[in-house]
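The structure is shown first.

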Amino acid sequence: HSELRGDEIIVVSNREPYIHDRDQQGVRVRRPASGLVTAIEPVMRACSGTWIAHGSGTADRDMVDLDDRVSVPPDHPMYSLRRIWLTPEEEQGYYYGFANEGLWPLCHVAHVRPVFRESDWEAYRAVNQRFADAVVEEARTEDPVVLVQDYHLALVPALVREKLPQATILTFWHIPWPNPESFGICPWRREILLGLLGSTILGFHTKFHCKNFLETVDRFIEARIEHEHSVVAVAERETFIESYPISIEWPHPTEGEWASPADCRHAVIGRLGFPEHAIIGLGVDRFDYTKGIVERLNAVERMLEKHPNLRGRFVFVQVASPTRSTLDEYRAFQQQVERIASRINARFGSGCYQPVVLLAEHHDHGQLIELYRAADICVVTSLHDGMNLVCKEFVASRDDEQGVLVLSRFAGAAREMHEALIVNPYHVEETADAIYRAARMSSGEQRERMISLRHTVRDFNVFRWAGRMLSDAARWRLRARVEERV
Ligand code: G6P
């Protein structure tokens, strides 16, 4: 993206890359569990600029006295983070309410009914306005490049466009876009579409999501759609719709510091009390009902039922980072998963052998790498997922070219990672058989598949994702300048 050298870059997202909490000891910094942050942070470190996000650390701001702006990363500042402090009411309506009880289930179509409250919508609109105002305030030029992230901020593009008509606004939708029938149940479908169409470029993970979006526009608003160029024009203002599959950093920034897979395995086996000859299956997710954790555990249970020889030997570690847990739907889901894990352990456990270990707490990056390197099998069974970066992190962490990936066909990643064992997570038998096949796969076959997967993640890394979007943006800017002259 050297074409944009010298241009001003502003990222705007709900989630911040570093969460600052203050307690008696002082300020502590945490990293959130978020695919979005995993992907955007390396880009920001590479191009500096400003990142605007909701300040989600210690709730009572007066008590903690945190500044609006900080330089991050804390130990090696490279860009600036501008925080928007939301009141509890704003956070309730905008984030928990409209974004996570409305848009999240609306777009994932994971059999959880979206809830649309008028008051949540009002809060969503008001908070989107606050984010847009912050972009305008931070902008030092008339034509910054603004990168708007995800479903929390669907109205920001049009709101920024109103004040900064020359801005290049790149919006990326990190979750799926459903078909028009599904999207059409949203009472504010028009407003959301028009909000997004304030963008210069609107990106999705897959062609399929782009197609769904174009069909939704066609169904619900007056617009000219040029299918062959993927362009939508509303009152002569054009938006380019394109797919940009997101990814992770490559090479992995901490690669040099990793313990050997054997040492990782040793550490994990010791800590979790597994038998020496354990076959370790691993799931890593936010504790979210779209991730297919119930289906995955059912498949583990079915596999142990069919293959008694693996009892006492196969173990499954499920890391589930707490997320959005004030919402009923999330709490009920967590309880359901806990019940199923206990059921499986009661059925197949004996002595100190427990086949399922549920680690329902946040794990930092180093702890995850250790688990990825210790595992024989990584299982990703999302019922629907924009991309899913856990599978790419697993592959990136296996420089020993061992380990098997079992991957849901309903994650965007399945369109790139063909050498995984691809499953329909709703089909318990098929998933159980894939995990069994993975457990028995020869080291040679593991190597062949892993080498290929690693090439994919290496070649289509996050810099390529951002680079393609930014160079498309550079082309648009050039075109706009040329047209101005005519
Ligand atoms: C997904 C969304 C992100 C979100 C993340 C974590 O990856 O696409 O926008 O930040 O989940 O969820 P949370 O609600 O904790 O931000």
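How many nonpolar, polar and charged residues does the shell around the ligand have? The shell has 3 nonpolar, 4 polar and 4 charged residues. Here Ala, Val, Leu, Ile, Met, Phe, Trp, Tyr, Cys and Pro are nonpolar, Asp, Glu, Lys and Arg charged, and the others, Gly among them, polar. The residues around the ligand include R15, D150, H174, R286 and R324; to be near, a residue needs its C-beta atom, placed from the backbone, within 6 Å of the molecule.

This is a predicted model, in which local features need pLDDT of at least 70, side-chain atom pairs count only at pLDDT 80 or more, and totals for chains, interfaces and linings use all residues. Residues are numbered from 1 along each chain as its sequence is written. The model scores ipTM 0.98 and pTM 0.95.

D150 of the ligand shell is buried, with 22 other C-beta atoms within 10 Å, whereas A235 is exposed, with 8. Buried stands for 20 or more other C-beta atoms within 10 Å of a residue's own, exposed for 12 or fewer, and partly exposed for the range in between, with C-beta atoms placed from the backbone. Most residues other than glycine have a negative phi, and most peptide bonds are trans. The exceptions include these:

| Site | Value |
|---|---|
| D150 | phi near 80° |
| A235 | phi about 45° |
| V72 to P73, cis | omega near -10° |
| W250 to P251, cis | omega near -5° |
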